[in-house]
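Dear colleague,

Please find the structure below, handed over for your reading.

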Amino acid sequence: MLSTTALLLALTVGGDPGDLLLKIGDAAPPFAMRDLGNQVFSLRNHTGGEASEPKKAVVIAFFATWCEPCKKEIPIIKQLYRRWKGKGRDVEVLYVGLSQGAKELEPFVKAEKLPWRVVPDSFGLLARRYGANQLPHLFIVDREGKIAFQHRGIAPELLATLEAQLKRITGQAPDEDAGPAEISTPRFATTYTLGRPPSSSGSSARWQPLALFLGEAVNATIEVSSEASYEAFEKALLAGKFDLINAGPLLAHAVQSVYEPIARIERQGSPTYFGILFVPRHSTLRGVADLKGKKVGLVSPQSSSGGLYPQLALLDAGLVPGRDVSIVWLGSHTQVAKAVREGKVDAGGCYEDCRDAEWPDERAKNNGTRILSYTAEIPGELILVKRALPAELKKKLAAAVLAVNKAEGILAQISQGETSVTAFVASQPQDLAAVATVIDRVKGAGAAHP
């Protein structure tokens with residue numbers, strides 16, 4: 001017969017535990033990371049057959065300073081910590097700050113008087129390994145280094161649940177009524193999706209903390225998703241597949257009947273950015289005009305910096321894409337850089353930092369490539385919402401996006417593998433008007449389209 005605690009848990013478990021990345025019995029991903037005291041915390045020091053400081057269990061809790069439910073969980077974990085810290089119980093508690101560094105975490109830890117060790121997961125590495133894409137998310141790792149329990153979301157009688165699980169896991173006063181070993185309780189009944197352009201760098205996963213933050217503001221779960229190609233992404237946008245989107249100005253212009261801008265992204269402190277046309281350093285081509293009769297690799301007709309604006313640069317040099325220059329559409333900025341390096345095209349057109357995928361540092365990049373031309377200034381990419389969403393929801397989302405600037409850590413997280421995002425600012429009508437002029441110019445000149 002189930003205990004009262006187990007019965008309550010059984011009644012409150014919701015969602016599909018099958019969507020959890022790690023399963024009970026899986027090996028807990030090992031890690032060795034510095035805590036806020038600059039001491040290395042290594043999971044293998046505490047669990048597994050070669051542990052130098054063996055523990056009977058390690059409680060790992062993912063949190064963020066801006067996560068309100070995480071704050072509510074802290075008093076519960078403090079009680080657990082006091083009861084299990086000593087008396088030979090050998091239970092370690094570790095907090096992991098999702099996408100935040102010491103700058104954000106230290107004042108919070110001091111204010112909350114957290115007595116356990118806190119590790120900054122500045123780049124979201126541990127969160128990705130453990131599948132902690134919703135907060136709060138807590139794991140208990142047993143002495144063998146296996147996942148013995150995990151809890152995502154909010155559930156009643158959390159302290160009693162964790163107590164029962166620790167008794168079961170440590171072997172101290174085993175309790176057969178410990179309840180389910182996996183609990184996935186959705187915090188919100190509503191789910192929205194944030195669509196991002198296709199990327200081979202895994203950047204969509206790194207935008208999950210932003211989705212978490214926005215979800216908190218509108219009482220909903222927001223999931224990040226994408227498509228396999230720019231063409232498929234545009235098709236999905238025109239069908240209204242996503243509730244929010246991150247898109248460059250060209251795509252935003254193409255889908256403005258379905259989506260409306262709520263914010264513009266600034267990268268490296270600039271409201272605009274540039275594309276480039278570039279060649280290998282050893283190339284004999286010296287200017288854009290020299291590309292006549294040559295093969296140029298571009299990203300997609302739906303890409304601003306890897307399609308529209310490089311074509312404008314060709315036109316400004318007196319070359320009509322598709323007539324004077326052969327255009328090869330490669331599908332991603334990374335593929336453009338790769339094609340140039342491998343000599344599959346004579347030149348490439350992409351956003352300025354796309355070369356980083358093939359030439360990992362400035363010296364290698366400068367020794368391996370040469371820029372023929374920068375494009376005209378490109379308006380910053382946008383955050384847009386589906387026009388069909390309720391007006392009050394759109395208003396809340398717009399405010400939440402701008403509030404991200406103060407949620408330190410999130411901008412650094414989503415900037416990994418990309419040009420650094422430094423701010424979200426309110427969108428203006430001219431954001432799309434500028435790109436419309438370029439579209440007319442390129443299309444009017446008979447630019448090539450597949």
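Two strands are said to pair if DSSP finds at least two bridges between them. Helices (H or I, at least four residues) and strands (E, at least two) are DSSP runs, numbered from the N terminus. The model is predicted: local features need pLDDT of at least 70, side-chain atom pairs count only at pLDDT 80 or more, and totals for chains, interfaces and linings use all residues. Residues are numbered from 1 along each chain as its sequence is written, and side-chain values use heavy atoms, with hydrogens and water left out.

**Strand 6 and its neighbours**

Strand 3 and strand 6 pair in the antiparallel sense, over six bridges. Within this pairing, valine 59 has isoleucine 140 of strand 6 as its bridge partner. Strand 6 also pairs with strand 7 (residues 147-153), again in the antiparallel sense, over five bridges. There, histidine 137 stands opposite arginine 152 of strand 7. Strand 6 and strand 7 form a hairpin with four residues between them, and glycine 145 in the turn has a positive phi of about 85 degrees.

Is strand 6 buried or exposed? Six of the six residues of strand 6 (residues 137-142) are buried (under 20% relative accessible area, with exposed meaning over 50% and partly exposed in between; 1.4 Å probe, protein chains only), so the strand is largely enclosed by the rest of the structure. His137, Phe139 and Val141 point one way, while Leu138, Ile140 and Asp142 point the other way. In a regular strand the side chains alternate between the two faces of the sheet.

**Strand 11**

Strand 11 pairs in the parallel sense with strand 9 (residues 191-195) over two bridges, and isoleucine 245 is the bridge partner of glycine 195. With strand 20 (residues 382-386), strand 11 pairs in the antiparallel sense over four bridges; here leucine 244 has valine 385 as its bridge partner.

An open sheet of five strands has the order 16-15-17-14-18, with mixed pairing. Its edge strands are strand 16 (326-329) and strand 18 (369-374), each of which pairs on one side only. The twist averages 30 degrees from one strand to the next. Axes are lines fitted to C-alpha atoms, for helices over the stretch in contact, and angles run from 0 to 180 degrees between N-to-C directions.

Strand 15 (residues 295-298) and strand 17 (residues 347-351) pair in the parallel sense over two bridges, and valine 296 has alanine 347 of strand 17 as its bridge partner. Helix 12 (residues 333-341) packs on the sheet and touches strand 14, strand 15 and strand 17 (contact meaning heavy atoms within 4.5 Å); its direction makes about 155 degrees with that of strand 17. Helix 11 (residues 304-316) lies across strand 14 (275-280), strand 15, strand 16 and strand 17, and runs at about 125 degrees to strand 17.

**Nonpolar cores**

A nonpolar core is a set of buried Ala, Val, Leu, Ile, Met, Phe, Trp, Tyr and Cys residues joined through side-chain atoms within 4.5 Å. The largest has 83 residues, of which Ile60, Phe62, Tyr95, Tyr130 and Phe424 touch the most other members. Strand 3 (residues 57-63) gives the most to this core, with seven residues. Another core, of 26 residues, lies apart from it, and its members include Tyr230, Phe242, Val255 and Ala337.

**Salt bridges**

How many salt bridges does the structure hold? There are 13 (each a side-chain nitrogen of Lys or Arg within 4 Å of a carboxyl oxygen of Asp or Glu). In one of them, lysine 241 and glutamate 227 have their closest N and O atoms 2.5 Å apart. Lysine 241 lies in the loop between helix 9 (230-238) and strand 11 (244-247), and glutamate 227 in the loop between strand 10 (221-225) and helix 9, so the pair ties together parts that are 14 residues apart in sequence.

Lysine 365 is buried, with a relative accessible area of 2%. Its salt bridge with aspartate 356 has closest N and O atoms 2.7 Å apart, and that with glutamate 362 has them 3.0 Å apart. Salt bridges that share partners join Asp356, Glu362 and Lys365 into one network.

With kind regards
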